[in-house]
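Please look through the predicted model below before reading on. The paragraphs that follow begin with a strand and its partners, and then turn to the nonpolar cores.

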Amino acid sequence: MSGNHEWNKRYATPNYLYGFDPNEYLKQELLKLEPGKLLLPGEGEGRNALWAAKQGWNVTALDASEVAQKKALKLFAEHGVSVQYLVTDILHFTSYDQFDAIAMVYVHVHKDIQQQLAHKLVSMLKPKGILIIEMFHPEQIPLSLGGPKNPEMFALEEELQDQYKDLRIEELSKVVVDLDEGILHKGKAVVFRMRATKP
Ligand SMILES: C[S@@+](CC[C@H](N)C(=O)[O-])C[C@H]1O[C@@H](n2cnc3c(N)ncnc32)[C@H](O)[C@@H]1O
């Protein structure tokens, strides 16, 4: 499971690095849908899962970091919400269920496995299921705010279009946002926002 050691180290603090509030785009898009089964890959410390579970979604979250899972479970217990949270690499995750929605927020994987990740996510969506992604745009690399610095961890717009060609892409935009998500995501950032539906 590449990278989980690094993430475990980063999460080894009582602070919730991305805060307690959900990502704005995830919130905006999920509020348009009827709650159903939701998958949150790379969910970290649980902020999105907490909000979605409170909205009535049946949430499955996963992350490669067991430290993140521990913090997320503490958060859910404090709020009395129920979320299934698994420690696994996304690419190793299997499920008999398919999902009404999948929301992946700031999860960056190497170019070599981006297509494999896309196939995995598409296969786990129900027909008419919705995929929501927010991730850094390559133009983020020189900015100080955060995100990976290795260009191989980013995708170009045409690569995303190709990776998710089995979906109907309804939005794929480059947006400059003023992030206010905990201590790590604070300030101006260039991001991709993508929403797509499985036919
Ligand atoms: C920037 S954090 C974002 C956390 C969360 N989505 C949020 O918005 O608060 C990226 C997360 O993705 C997880 N991650 C990265 N690659 C992963 C993989 N291949 N499988 C599972 N989790 C992964 C990391 O462990 C980390 O928790």
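A residue is called buried here when its relative accessible area is under 20%, computed with a 1.4 Å probe on protein chains only. By that criterion strand β2, which spans residues 58-63, is mostly covered, since five of its six residues are buried.

What does β2 pair with? On one hand there is strand β1 (residues 37-41), which runs parallel to β2 and is joined to it over five bridges, with Pro 41 standing opposite Leu 62 of β2. On the other hand there is strand β3 (residues 84-87), whose pairing with β2 is also in the parallel sense and extends over four bridges; within β3, Gln 84 is the bridge partner of Thr 60.

In soluble globular proteins, nonpolar side chains tend to be buried together. In this model the largest nonpolar core has 38 residues, and Leu 30, Leu 38 and Val 59 are those with the most contacts inside it. Helix α3 contributes the largest share of this core, namely five residues. Leaving aside neighbours within four places in sequence, Leu 38 is in contact with a set of residues that includes Leu 30, Ala 52, Val 59, Thr 60 and Phe 99. A second, separate core comprises 27 residues, among them Val 107, Ile 133, Phe 192 and Met 194.

Definitions and conventions: Residues are numbered from 1 along each chain as its sequence is written. This is a predicted model: local features need pLDDT of at least 70, side-chain atom pairs count only at pLDDT 80 or more; totals for chains, interfaces and linings use all residues. Side-chain values use heavy atoms; hydrogens and water are left out. Buried means under 20% relative accessible area, exposed over 50%, partly exposed in between (1.4 Å probe, protein chains only). Helices (H or I, at least four residues) and strands (E, at least two) are DSSP runs, numbered from the N terminus. Two strands pair if DSSP finds at least two bridges between them. A nonpolar core is a set of buried Ala, Val, Leu, Ile, Met, Phe, Trp, Tyr and Cys residues joined through side-chain atoms within 4.5 Å. Contact means heavy atoms within 4.5 Å.
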